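Reader: I am new to this structure. Please show me how to read a few of its features, one at a time.

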Amino acid sequence: MREWTREEIQRIGYRVVDLIADHLSTLPSEPAFNPVPPALARQLLSTPAPADPVSPDEVLRLFQDTIEPYPFGNGHPRFWGWVNSPPAVMGVFADALAAAMNPSCAGGNHAAIYVEHQVLAWFRELLGFPATSMGLLVSGGSMATMTALAVARHTKSGVDVRVNGLRDARAPFAFYLTSEAHSCARKAIELLGFGSASIRTIATDVDYRMKVDALEAALEDDRARQVRPIAVVATAGTTNTGAIDDLDAIATVCRRYDVWLHVDAAYGGPAILSTEYGHALRAIAKADSVALDPHKWMFVPVEAGMVIVRDADAMRSAFSLVPPYIRQAGSAGEVYGPPWFSEYGFQQTRGFRALKVWMAMHQFGLTGYRAAIEENITLANYLADRIFSARDLTLMAQPSLSIVCFRFVDPSLADEPATAALNRALLERLQLSGEAFLTGTELRGRFVLRACIVNYRSTREDIDRMLEAVRRLGRELLEFGIRK
Ligand SMILES: Cc1ncc(COP(=O)(O)O)c(C=O)c1O
């Protein structure tokens, strides 16, 4: 393969920058969602691998025609589905620059390693973790949770899991979480070999927060039955409603029962910068481990998750395995640098994720993040107020952080199934309309519309437009029926 000249790289690179600029600046005037037409989907799924090289201009044309017009939607000011944000522009460029350097961040004495350490130190400070703790950038909250619970297993199971797995264990194990914990906790517990039967589902209060007395009762009960507790997974910003568990009280209970406390702050963690929620989130500092996703409320392009574990030695001891083909024992620090990240997690070759976090954090600064997050919280409160004062809308949970759950209601809707069916139909129509993008969820078995505002592009006018569309679609459905 012939090497590209500097001029060729520049020419194509400038075209790429134009595409990025066009994409990001025209998104707000495009529909919030534009599904891939069936014919294009078929074409994309059936096109064989290119047998011969294709010119970069042609590749960019293909991108422009068949890929760029059908984004996920999360760059749009009225996209409030799941927990997905628009990207910080410097984060976008960072991905290209990181790929140009293309290091492996397994370890070594190169700049990317120090950038990751620097970013981790910033987050340790933000969350109040000691300088002796250790962390990693990972793909997202799921991998962060998996990593943290693997360290919890190593530390709390009382058996040498690395050698014998769990087969030597005499007592059954238990994990403690609520129905509101993200599904990744259950997946991790399953993958770590405990099985979901080891999960004690702790009751929640009216605001979907873990009931601390119920947690204590479950731990007491398990102690009496010789069940070995491994970890409590508390949530600082649940996916459904943004609820923040009482981290302070939970940490006290965990200490009393010698249980690992993992705090899932994947979504809510950055709100520690806000005036409204800073206080409630400060007790994250009491956790044994924490997950926080810069790719959620810090606008870093996906994938960018983070795990921090208080006990760095425990983390290393849970994962470290250094074969001779990686590096010679006792070899020079000038080549191999500080302890390798790959000794603290499962992944060996690791991308330069830290650069996009580092660049996005420079773009916003902590004051910029505080302002953006507080603005999102204000918008959520505005949305909740508007719903509260509307006759045809009902708030379905106390809004917390930047999540608002609600639904369209009408006296003619006879019962719960009819209301749920109308709202399900309404949600799909809203998504396909391109006016705004919400997702749905279930709260205590009831289907609700859910807006999660982690979007620095959103304004009050966007909220008003979404509500207008919801009401219009709701009325149409009432008038013409769901199967119009
Ligand atoms: C509270 C919470 N924890 C964990 C996750 C999983 O994170 P990821 O999707 O980045 O793996 C999510 C995703 O939305 C989440 O909201």
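**Strands, ligand and a buried aspartate**

Author: This is a predicted model. Begin with strand 10 and strand 11 (residues 446–452), which pair in the antiparallel sense over five bridges.

Reader: Which residue of strand 11 stands opposite Thr-439?

Author: Arg-450 of strand 11 stands opposite Thr-439.

Reader: What lies between the strands of this hairpin, and which residue there takes a positive phi?

Author: The hairpin of strand 10 and strand 11 has two residues between the strands. Arg-444 takes a positive phi near 45°.

Reader: How do I read the two faces of a strand?

Author: In a regular strand, side chains alternate between the two faces of the sheet. In strand 10 (residues 439–443), Thr-439, Thr-441 and Leu-443 form the covered face. Gly-440 and Glu-442 form the uncovered face.

Reader: Now the ligand. Which of the 13 residues around the ligand come nearest?

Author: Ser-142, Thr-239, Asp-264, Asp-293 and His-295 come nearest, out of the 13 residues around the ligand.

Reader: How do the residues of the shell divide into nonpolar, polar and charged?

Author: Three are nonpolar, seven are polar and three are charged.

Reader: How much of the ligand does the protein bury?

Author: The general idea comes before the case. The size of an interface is often given as the accessible area lost when the parts come together. Here the ligand taken alone exposes 390 Å², and the protein buries 85% of that. Helix 6 (141–156) and helix 12 (294–297) are the elements that give two or more residues to the shell around the ligand.

Reader: Is Asp-462 buried or exposed?

Author: A residue counts as buried when its relative accessible area is under 20%. The value for Asp-462 is 8%, so Asp-462 is buried. This residue is found in helix 17 (residues 460–480). The side chain of Asp-462 makes a polar contact with the side chain of Arg-78, at 2.8 Å.

Reader: Last, which domains does the assignment give?

Author: The domain assignment gives domain 1 (6–30 + 35–70), domain 2 (103–351) and domain 3 (367–480). The C-alpha centres of domain 1 and domain 3 lie 34 Å apart.

Terms used: Residues numbered from 1 in each chain as written. Predicted model: local features only at pLDDT ≥ 70, side-chain atom pairs only at ≥ 80, totals over all residues. Heavy atoms only, no water. Buried < 20%, exposed > 50% of the residue type's maximum accessible area, 1.4 Å probe, protein only. Helix = DSSP H or I, 4+ residues; strand = E, 2+ residues; numbered from the N terminus. Pairing = 2+ DSSP bridges. Near = heavy atom within 4 Å. Areas by Shrake-Rupley, 256 points an atom, 1.4 Å probe, with all protein chains shown as cover. Nonpolar A, V, L, I, M, F, W, Y, C, P; charged D, E, K, R; others polar. Domains from an automatic or database assignment. Polar contact = N/O pair within 3.5 Å; in protein donor to acceptor, adjacent residues only side chain to side chain.
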